[in-house]
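Please keep the 3D view open as you read.

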Amino acid sequence: MKVAIVGVSGAVGQEFLRVLDEQNFPIDELLLFGSERSAGRNYTFRGKEYTVQLLRDEPEDFRGVDFAFVSAGASVSKKYADVITKLGAVMIDNSSAFRMDPDVPLVVPEVNGEDAFDAPRGVIANPNCTTAIMVVALKPLNDISPIKRVHVATYQAASGAGATGMDELIKQYAELGEGKEPTVEKFAYQLAYNLIPHIDVFLDNDYTKEEMKMFNETRKIMHAPELSVSATCVRVPVVRAHSEAVWVETERPISVAEAREAFAKAEGLVVIDEPAEKKYPMPLFAAGTDPVFLGRLREDVANPNGLTFWLVGDQIKKGAALNAVQIAQYMIAHPRK
């Protein structure tokens, strides 16, 4: 297996290296690519040192590559997609560049893994982190009774803004502790000791682009064009791992017991739900782990056909690098003749 990572020096690129190793992904040859700023850097993988190559407009650089994991931003993905895939590589893209393109599958393996094989351009899109975390929990409910409506409030860690976002939050806490003015560059406002109800740009309908990603991507992944999804996305002063409060309305009522059984059996989900014992998912303990954690499961007292629950997942793992690697693993495990 020949694997390439494009954008290896970023937070998700570095996570690709860790996840590929943790998952014991079969790699015979590894290629690392980056910008002029990153080219020439060295990274160690499984005891061997690799040098980052400059990403060029040269399809030959990707000859023989089976999977190319790309996390270098939408503009880079759009510019180099044809270069990467021209000689047969499958490009699994972590940016927003192709997510809503009709000829590019948008895949969360636990939900719609088969869609990965319908990729005429050789490109598979990784969803937005908050969407990926949420649909893992929506799938088992939708299998019982089709979901009609979803409301979600997200509590998104600084990790969603990359390594610079995490660094800025840590720096702000240190500066404030020393009585200094905090550095504010990555976020619209000081994030330390604060919440910012604003992720990505505002659109004409006064939702943010992040919120509309959840609307559109959930529909596409779940093959549910009529599904209603309303989101409010909030940046919170947590370094890593996103949380979500979710309200779901299904066609028929689903009991808590029925939902709990479905969640317990669902791939990629871990239920932590013992409120009397103060046991519920929290980002402090989810950071660096693979699953989506679910708790606070209960009936929605405002909707007879509703359930509500709390989700936590590591944004850089399940929300990005891990999901991409799982797409490749699914394709290897389900080969097409």
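## Salt bridges, cysteines and a covered strand

The side chains of Lys-265 and Glu-261 come together in a salt bridge, with N and O 3.1 Å apart; the term stands for a side-chain nitrogen of Lys or Arg within 4 Å of a carboxyl oxygen of Asp or Glu. Both residues sit in helix H7 (residues 256-265), four residues apart, about one turn of the helix. Helices here are DSSP runs of H or I with at least four residues, strands are E runs of at least two, and both are numbered from the N terminus. Lys-265 is exposed, with a relative accessible area of 65%, and Glu-261 is partly exposed at 46%. For these words, buried means under 20% relative accessible area, exposed means over 50%, and partly exposed lies in between (1.4 Å probe, protein chains only).

A note on the source: this is a predicted model, in which local features need pLDDT of at least 70 and side-chain atom pairs count only at pLDDT 80 or more, while totals for chains, interfaces and linings use all residues. Residues are numbered from 1 along each chain as its sequence is written, and side-chain values use heavy atoms, with hydrogens and water left out.

The whole structure holds 22 salt bridges. Side chains of opposite charge can pair when their charged atoms come close.

| Salt bridge | N to O distance |
|---|---|
| Lys-265 and Glu-261 | 3.1 Å |
| Arg-99 and Glu-217 | 3.5 Å |
| Arg-240 and Asp-314 | 2.7 Å |

The Arg-240 and Asp-314 salt bridge links distant parts of the chain: Arg-240 is in the loop between strands S10 (228-235) and S11 (242-250), and Asp-314 is in the loop between strand S14 (306-313) and helix H9 (317-333), 74 residues apart. Arg-240 and Asp-314 are both buried. They also belong to a network of salt bridges with Glu-15 and Arg-18.

Arg-99 and Glu-217 form another salt bridge. This pair too links distant parts of the chain, 118 residues apart, with Arg-99 in the loop between strand S7 (90-93) and helix H3 (109-112) and Glu-217 in helix H6 (residues 209-221). Arg-99 is buried at 6% relative accessibility, and Glu-217 is buried at 2%.

Which residues does Asn-128 touch, leaving aside those up to four places away in sequence? They are Arg-99, Glu-210, Lys-213, Met-214 and Glu-217, where contact means heavy atoms within 4.5 Å. Asn-128 lies in the loop between strand S8 (123-125) and helix H4 (129-144) and is buried at 5% relative accessibility.

How many disulfides does a search of the whole structure find? It finds zero, a disulfide being a pair of cysteine sulfur atoms within 2.5 Å. For Cys-129, the nearest cysteine sulfur is that of Cys-233, 8.6 Å away, which is too far for a bond. Cys-129 is buried at 8%, and Cys-233 is buried at 0%.

Finally, look at strand S1 (residues 2-6), where five of five residues are buried. Lys-2, Ala-4 and Val-6 cover one side, with Val-3 and Ile-5 on the other. S1 runs parallel to strand S2 (residues 29-34), joined by five bridges; strands pair if DSSP finds at least two bridges between them. Ala-4 has Leu-31 as its bridge partner in S2. S1 also runs parallel to strand S6 (residues 67-70), with four bridges, and Ile-5 stands opposite Phe-69 there.
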